[in-house]
Amino acid sequence: MSFAAPAFLLAALLVVPAVWLYVRSERRARRGRAAFAAAPVLPSVAPRRPGWRRHAAIAGYAAAALLLVVALAKPQATVAVPVEQATVVVVTDRSGSMLATDVQPSRLVAARRAAATFVDELPDSLRVGAIAFNQAATVLQSPTRDHAAVTASLNSVKAAGTTATGDALDAALRLIAAQRATDKRRSPAAIVLISDGKSVRGSDPVRVAAQARAASVAIYTVALGSDAAGASPPDPATLAQIAQGSGGRAFAAADAAELEQVYERLGSQVATERRKQEVSGSFAGGALMLMALAAVASLRWFGRFV
């Protein structure tokens, strides 16, 4: 919780002298009743006061005043809100090692299916692009709200060649920059990178990740595959460096089922953004409710508001 106008919180200090004055007034009233008549006859001439109920309404009003002070300070809560006009680029490895079958029916097919699940679950308002890469990066689909077209383009990917992850990320950043130029603003953007092996050619992917961070583009990485004999092992350490360097998150998926779960989690992250949202209305509403309850209770018990 943070406050846009914290200076108003100083007004809460006024409650301390107000409580002191109230307590002092009550003590004076008790002394006055004691002086009015001798203790044995006091109950007959001055009926016993209603105990805690006498103070309940005052406590309610005091709590309401504190809530109003907090509302004036414009409290802000960090919440997940839908991102409008955002761009997500799915970057998938299509090197020859993606033909490995340690993930059934193969790494490539599992990646396609999971990517389709991921794209289908994104809000319609998000623009999605797709890039496939081996030693070269190929733009399969420019950012579009036609998610079916993105899925179709990913399904056409064939595996062959080696791996140049840095070049693929660089191509994704250029795609995002072009979209931002069209928007004429730095709209939110993210990259989802899925790869099963170590980058052996082209640009240093960790260096490109630093460029992504400077451009406010988080990279979410998925290391696909296992250390099964005969299969190229994934490189989760480098993928984690890429994610960390860009401000994103790294995931690992050893089989197709786990990969789909990873993409589901990714969907909730790239489709929303943590933003500060003012919640003054909630505090003001709570204050009004407390005031109403205190007033109703006081009217019922004593026939007056205080």
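**Reading backbone and packing features**

Modeller: Let us begin with Lys-184, which lies in the loop between helix H6 (165–183) and strand S6 (189–195). Please bear in mind that this model is predicted.

Biologist: Where is Lys-74 placed, and is it buried or exposed, or partly exposed?

Modeller: Lys-74 sits in the loop between helix H3 (53–72) and strand S2 (75–82). Its phi is also positive, about 55°, although Lys-74 is not a glycine. With a relative accessible area of 40%, Lys-74 is partly exposed.

Biologist: Which residues does the cis peptide bond join?

Modeller: Most peptide bonds are trans. Here, a cis bond links Gln-104 to Pro-105, with omega about -5°. Pro-105 belongs to the loop between strand S3 (87–93) and H4.

Biologist: How do helices H4 and H5 cross?

Modeller: Two packed helices are described by the angle and the distance between their axes. The axes of H4 (residues 107–121) and H5 (residues 147–155) come within 10 Å and cross at roughly 170°. An angle over 145 degrees counts as roughly antiparallel, and H4 and H5 are therefore roughly antiparallel to each other.

Biologist: Which residues meet there?

Modeller: Arg-112, Ala-115, Ala-116, Val-119 and Asp-120 of H4 meet His-147, Val-150, Thr-151, Leu-154 and Asn-155 of H5. The residues of this contact comprise five nonpolar, three polar and two charged.

Note on methods
Residues numbered from 1 in each chain as written. Predicted model: local features only at pLDDT ≥ 70, side-chain atom pairs only at ≥ 80, totals over all residues. Heavy atoms only, no water. Axes fitted to C-alpha atoms, helices over the stretch in contact; angles between N-to-C directions. Helix = DSSP H or I, 4+ residues; strand = E, 2+ residues; numbered from the N terminus. Parallel < 35°, antiparallel > 145°, perpendicular 65-115°, else oblique. Contact = heavy atoms within 4.5 Å. Nonpolar A, V, L, I, M, F, W, Y, C, P; charged D, E, K, R; others polar. Buried < 20%, exposed > 50% of the residue type's maximum accessible area, 1.4 Å probe, protein only.
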